[in-house]
Every structure is written in C-alpha cells, then in structure tokens.
Amino acid sequence: MKKLKEMAPGVTGALCELAVGILLLIDPLTFTEWIIRALGVILIIVGVINVVNYFRSSPQTSILQRKLSIGILLLAGGIFCVVNPQWFSAAFPALAVIYGIGTLATGVMKVESAVNMLRLKMRNWWICAISAVVTVACALIIIANPLSTTALLWIFVALALIVEAVIDFVTVFLPPKKEPNEV
C-alpha cells in the first residue's frame with residue numbers, strides 16, 4: 001500500500017471535489033455566492049498585505065515591486081466580490097466556458113497520466129484513462145453549454161465533480177502494479 005504521505009494530495013483533492021459537488025447539488029447559487037465572497041475576503045487580505053508591505057519597504061525596493069498598485073487592484077477586486085457576488089451569476093455563461101477550459105486542461109493532463117501509466121505497464125492504467133475520458137467529456141459539454149439554465153448546469157457540474165471524486169478515490173487507493181509480462 002502507498003505511504004499515507006504519498007496518498008494525501010490525491011485524497012485531499014478527491015475530498016474537495018466531493019464536497020464542492022455535494023454543496024453545488026444542494027444549493028448551487030448560494031454556494032457560488034459564498035465562494036465568491038470568500039475569494040473576495042482573500043483578495044482583500046492579500047491586497048492589504050501588499051499595500052502594507054509597500055509602505056514598509058524601502059523606496060528603491062517599492063519602485064521595483066509595484067506592491068501598491070497590485071494591492072489596490074486586489075482590494076478593489078475583493079471588495080467587488082464581497083459586495084456584488086450576484087454579478088458572477090449574471091456573467092455565468094462566460095464563466096462556464098472558462099471553467100470548461102480549465103476542466104479540459106485537467107482532462108488532458110489525466111490523459112497524459114493514463115498514457116504514462118500504460119507505458120510503464122501499470123495494471124490499473126485504464127482507471128486513470130476512464131477518469132480522463134469522463135473529465136474531457138464533461139469539459140466539452142460545459143464548453144458547448146447545451147443546458148438552458150444556470151441551475152441545471154450547476155447540477156451537471158456537481159454530478160460531474162462527484163463522479164470524478166469517486167474515480168479519483170479509486171485511483172488513489174489501488175496500488176500501482178505492473179503487468180505480469182514485464183521483463
């Protein structure tokens with residue numbers, strides 16, 4: 001069995017996928033607004049840190065790092081997210097395409113992992129391949145956006161995340177064994 005330390009990132013990622021999927025399934029719009037607000041708070045904190053660091057550093061260092069402008073932009077973005085999270089729901093079609101592209105990139109990386117496992121003659125390569133196919137298929141459906149309402153698309157995304165999390169759990173806990181005909 002793999003060491004717990006080696007399994008931790010995979011288990012953590014799968015748990016996050018599962019949690020987000022379930023929360024999106026329960027109440028997608030409210031969950032999304034709270035995620036956007038939380039992101040806003042994080043942006044505000046990082047913005048304040050940048051502004052404070054700007055004034056704490058020497059003028060020569062401050063000129064090169066642009067921490068004041070970065071901090072102000074992060075503060076503005078954070079305040080916008082906290083005050084107006086509904087804007088993202090209105091801009092959802094564009095955000096869904098961006099999410100789909102990110103999911104497609106993840107799927108392509110999973111394809112590479114499956115091919116690497118196959119080339120190394122690992123017995124369970126096909127589980128990673130199934131995960132890659134599911135991820136790429138979900139990404140293409142999200143990018144095509146055939147669903148007419150935001151709520152239905154969020155339900156689809158939630159179910160896709162839950163399915164991916166289950167497949168990722170299986171992948172993490174199955175030992176990587178090589179084919180018996182290996183030299």
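These legends walk through close-up views of the spaces inside a predicted model. Local features need pLDDT of at least 70 and side-chain atom pairs count only at pLDDT 80 or more, while totals for chains, interfaces and linings use all residues. Residues are numbered from 1 along each chain as its sequence is written, and side-chain values use heavy atoms, with hydrogens and water left out.

**View 1. The largest pocket holds about 520 Å³ of space.** A pocket is an open set of points on a 1 Å grid over the protein atoms alone, with protein on both sides within 12 Å along at least five of seven lines; lining residues have an atom within 4 Å of a point. Of the 21 lining residues, Thr32, Ile35, Ile36, Tyr99 and Trp154 lie nearest the centre. Helix 2 (28-56) gives the largest share, six residues. By class, 19 are nonpolar, two polar and none charged.

**View 2. The second largest pocket has a volume of about 170 Å³.** Look for Gly10, Lys110 and Asp168 among its lining residues. Helix 1, helix 6, helix 7 and helix 8 each supply at least two residues. Here the classes are four nonpolar, five polar and two charged.

**View 3. One cavity of 30 Å³ or more turns up in the whole structure.** In a cavity, a 1.4 Å probe fits but cannot get out. The lining consists of Tyr99, Thr103, Cys138, Ile142, Val157, Ala160 and Glu164. Which helix gives the most to this lining? Helix 8 does, with three residues. By class, the lining has five nonpolar, one polar and one charged residues.

Conventions: Grid points are joined across faces, edges and corners, and a volume is the space filled by probe spheres set on the points. Helices (H or I, at least four residues) and strands (E, at least two) are DSSP runs, numbered from the N terminus. Ala, Val, Leu, Ile, Met, Phe, Trp, Tyr, Cys and Pro count as nonpolar, Asp, Glu, Lys and Arg as charged, and the others, Gly among them, as polar.
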